[in-house]
Amino acid sequence: MKKKINTQLSLIALVAILTTIIGITIVYYELFKKQVMDDLVQNAELLIATDAFPITNMEDETSAEKYKGLTIENLRITWIDKNGNVLFDNDADISKMENHINRPEVHQAIDRGEGKTTRHSDTMNMDTFYYAVLLEDGSVLRVSTEASTKLNVIFNAIPVIVIIVIVILMGCVFIGHFLTGQLMRPLENMAENLTDSTTPVYKELEPFVNKIRSQHEGILAAAKSRQDFTANVSHELKTPITAISGYAELIENNMVEEGGQVRIAGQIRHNADRLLSIVNDIIQLSELDSFEPQRNYEIIDLYGIVKESINDLKHMAENKGIRIICKGSPTTIKADKTLIREMVDNLVQNGIRYNEELGKVEVYVKVENNHPILVVKDTGIGIPSDQQDRVFERFYRVDKSRSRETGGTGLGLAIVKHIAELYSADIKLNSTLGQGTEIVVSF
């Protein structure tokens with residue numbers, strides 16, 4: 001970036017220098033032309049004021065010789081009669097000169113009293129400036145001089161221009177390098193200290209810096225979340241695998257008493273089921289992380305899904321003597337049916353799993369303020385107030401021993417929250433320790 005800034009500064013400086021030099025040269029040349037023409041006017045006025053023209057007696061040889069010797073440095077003097085014939089020229093043989101009546105400056109002088117023009121000579125690569133003035137007798141006095149052309153002036157100045165450009169460019173490179181370092185140093189310091197909450201040196205960068213810091217914090221949080229998740233997965237999988245391995249080792253070494261094989265097989269099956277539940281929930285979360293809900297939108301009946309879920313979980317509830325009450329009416333939402341069923345299943349299972357014997361689970365489906373509402377309320381163990389903000393974390397359990405005994409993986413509410421976020425649904429949790437828990441999902 002520094003190299004790019006320095007290069008661009010040098011290019012800008014080069015363009016500015018060349019543009020300035022060319023512009024100054026053009027302005028100077030225009031002033032120079034004006035000065036040359038003003039000098040010609042003054043010379044013509046001087047000749048007229050000294051009665052040098054018109055010549056009163058060209059037949060007088062003494063007078064003619066005097067005028068032929070009339071010289072002013074770099075000034076050509078021509079006297080032309082009203083018909084365009086050249087009567088006198090101090091720089092050429094008039095007998096060989098053509099009629100000047102059609103010369104622009106002469107024509108202008110005859111018509112308007114004076115005429116000015118500039119002609120370019122390609123062979124000499126010079127500009128000739130002409131000034132003609134009408135005399136009292138109708139003749140025309142013309143004075144002229146040669147000067148360098150605009151391009152000549154520029155070409156002659158090229159060596160000086162090159163030296164100036166080199167010197168200024170070297171200065172620009174040095175200054176640009178210094179200024180770039182000054183400009184970039186705060187950004188480099190900020191990049192090395194993203195966690196520092198110091199206000200950026202440049203106020204214009206505050207939104208950008210805040211965004212970068214926010215993203216950086218999000219990346220760190222996501223990395224920590226993945227690290228914690230990996231550690232939790234390893235820990236959760238280790239317990240049932242260790243149990244299965246231990247029971248298998250007992251059978252392998254004939255260490256199971258007669259009649260105990262059934263009990264051991266039951267423990268192996270129980271831990272295998274728990275292992276399978278954990279793997280299934282992990283797969284479910286992984287799929288949710290890459291899920292695109294827009295692709296699976298459909299109009300579904302939330303109340304119908306709740307009834308299906310309760311019917312399938314009825315056996316699980318009956319084994320604990322828990323009653324499930326379902327209330328509501330058909331209520332449609334636009335979502336993926338499989339995911340909504342997964343959400344309902346997890347909420348109802350939690351209501352059964354963490355309930356008291358002979359307890360109750362109530363499920364409501366209703367509409368409030370044009371928003372479909374799902375409510376799952378149980379009479380279970382409840383959640384301490386200091387842990388209610390964490391129950392939606394992955395693998396977090398309020399009662400770890402009870403969760404494992406009932407087959408909980410610690411991922412149910414995490415899945416519920418993830419599905420709710422996919423559909424921008426709000427989740428509220430109301431719970432009192434020892435009295436039960438109510439979870440409200442508003443679509």
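Reader: What order do the five strands of the open sheet take?

Author: This is a predicted model, and in it the order is S7-S9-S10-S12-S11, with mixed pairing.

Reader: What makes S7 and S11 stand at the edges?

Author: Strand S7 (323–328) and strand S11 (426–432) each have a single partner strand, so one side of each has no neighbour in the sheet. As for twist, it averages 10 degrees from one strand to the next.

Reader: How do you know that S10 and S12 are paired?

Author: Pairing takes at least two bridges. Strand S10 (residues 371–378) and strand S12 (residues 436–442) are joined by five, so they count as a pair, and they run antiparallel. Val375 sits opposite Val440 in S12.

Reader: Which strands does helix H7 touch?

Author: Helix H7 (residues 302–319) packs on the sheet and touches S7, strand S9 (360–368) and S10. Its direction makes about 175 degrees with that of S7.

Reader: Why is Asp345 called buried?

Author: Buried means under 20% relative accessible area. Asp345 has 17%, so it counts as buried. You'll find Asp345 in helix H8 (residues 337–353), and it touches Ser309 and Leu313, leaving aside residues up to four places away in sequence.

Reader: And why is Val162 called partly exposed?

Author: Val162 has 41%, so that's the label it gets. Val162 is in helix H4 (residues 150–192). Together with Phe155, Ile158, Ile166 and Met170, Val162 forms a nonpolar surface patch with about 480 Å² of accessible area.

Technical notes
Residues are numbered from 1 along each chain as its sequence is written. This is a predicted model: local features need pLDDT of at least 70, side-chain atom pairs count only at pLDDT 80 or more; totals for chains, interfaces and linings use all residues. Side-chain values use heavy atoms; hydrogens and water are left out. Patches are made of residues with over 30% relative accessible area and no salt bridge: like charges are joined within 9 Å, nonpolar side chains (Val, Leu, Ile, Met, Phe, Trp, Tyr) within 5 Å. Accessible areas come from the Shrake-Rupley method with a 1.4 Å probe; for residues, only the protein chains shown count as cover. A salt bridge is a side-chain nitrogen of Lys or Arg within 4 Å of a carboxyl oxygen of Asp or Glu. Helices (H or I, at least four residues) and strands (E, at least two) are DSSP runs, numbered from the N terminus. Buried means under 20% relative accessible area, exposed over 50%, partly exposed in between (1.4 Å probe, protein chains only). Axes are lines fitted to C-alpha atoms, for helices over the stretch in contact, and angles run from 0 to 180 degrees between N-to-C directions. Contact means heavy atoms within 4.5 Å.
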